[in-house]
Amino acid sequence: MVVLSDALNHASMIAGIRQQPRREAGLPPQRPRRSGAPLAALPIERPKLVCFESVYSMDGDVAPIAALCDVAERYGAMIFLDEVHAVGLYGPRGGGIAERDGIPERPTVIRGRSAKAFGVMGGYVAGSAALVDFLRSHAPGFIFTTSLPPALAAVRSPRCAT
C-alpha cells in the first residue's frame with residue numbers, strides 16, 4: 001500500500017505513517033486539483049491511502065473534504081480523515097467537519113481523540129465493521145490499551161440519553 005500524506009498533517013500522524021514498512025508519498029497541502037497527480041502516477045490496482053486532517057492544528061485551515069474525497073475516489077484510493085481538532089466543535093452532534101458538511105460516510109476511516117474537546121483520555125476509529133475488526137485484531141496500540149480507567153468508564157456525556 002502507498003500512503004499519501006498531506007504535507008501539513010500533524011507530526012503524530014506523519015510519525016505513525018513513517019513507522020509503516022511501505023513508502024510514503026507527499027501530497028500538496030489541501031489542494032485537490034494537485035493531489036490527483038501523485039495518485040494518477042500509481043497503477044489503479046495498487047492499494048492507496050490518502051491521509052489528511054479536517055482542521056489543521058498549526059493554522060486552523062479547514063480541508064476541502066468533499067473535493068479531496070472526489071480525487072481519492074477517482075483513483076481508487078481509500079481516505080483516512082483525522083477529525084481530532086474538529087470533534088466536539090463542529091457538526092450537529094459534535095462529530096466534526098465531515099458531519100457538519102453532511103458527508104461522514106465518504107471517508108473510509110475517520111479517527112478522533114477525546115482529549116482535546118472532551119478533556120478525557122481515549123479516542124475512536126469509525127469505519128466499516130470489517131475495517132474496525134481488522135484494526136482491533138492487528139493494532140498493537142489498541143490491543144495493549146483496551147481498558148479505560150473506571151472513573152472514565154462511569155462518566156456520562158451531557159449529550160447522552162439518561
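Biologist: Which residues are linked in a network of salt bridges?

Modeller: In this predicted model, a network of salt bridges links Asp 70, Glu 73 and Arg 106.

Biologist: How many salt bridges does a search of the whole structure find?

Modeller: The search finds six. One of the pairs is Arg 106 with Asp 70, whose side chains meet at 2.6 Å, N to O.

Biologist: Which parts does the pair of Arg 113 and Asp 82 tie together?

Modeller: A salt bridge of 3.7 Å, N to O, joins the side chains of Arg 113 and Asp 82. The former residue lies in strand S5 and the latter in strand S4, so parts 31 residues apart in sequence are tied together.

Biologist: Is Asp 82 buried or exposed?

Modeller: One reads this from the relative accessible area: a residue under 20% is buried, and one over 50% is exposed. Asp 82 has a value of 1%, so this residue is buried.

Biologist: What distance is found for the salt bridge between Arg 100 and Asp 101?

Modeller: Their side chains meet at 2.8 Å, N to O. Arg 100 is partly exposed at 43% relative accessibility, and Asp 101 is partly exposed at 37%.

Biologist: Where do nonpolar side chains tend to be in soluble globular proteins?

Modeller: They tend to be buried together. In this structure the largest nonpolar core has 22 residues, and those with the most contacts inside it are Leu 4, Leu 39, Val 50, Phe 52, Ile 65, Leu 81 and Ala 98. At least two residues of this core come from each of strand S1 (2-6), strand S3 (48-53), helix H3 (65-74), strand S4 (78-82) and helix H4 (97-100). H3 contributes the most, with five residues. Another core, of seven residues, lies apart from this one; among its members are Ile 17, Leu 49, Cys 51 and Phe 80.

Biologist: Which residues does Phe 52 touch, not counting residues up to four places away in sequence?

Modeller: Phe 52 touches Asp 6, Asn 9, Met 13, Ala 63, Ile 65, Leu 68, Ile 79, Phe 80, Leu 81 and Asp 82. Asp 82, in this list of contacts, is also the salt-bridge partner of Arg 113.

Notes
Residues numbered from 1 in each chain as written. Predicted model: local features only at pLDDT ≥ 70, side-chain atom pairs only at ≥ 80, totals over all residues. Heavy atoms only, no water. Core = buried A, V, L, I, M, F, W, Y, C linked by side-chain atoms within 4.5 Å. Buried < 20%, exposed > 50% of the residue type's maximum accessible area, 1.4 Å probe, protein only. Helix = DSSP H or I, 4+ residues; strand = E, 2+ residues; numbered from the N terminus. Contact = heavy atoms within 4.5 Å. Salt bridge = Lys/Arg side-chain N within 4 Å of Asp/Glu carboxyl O.
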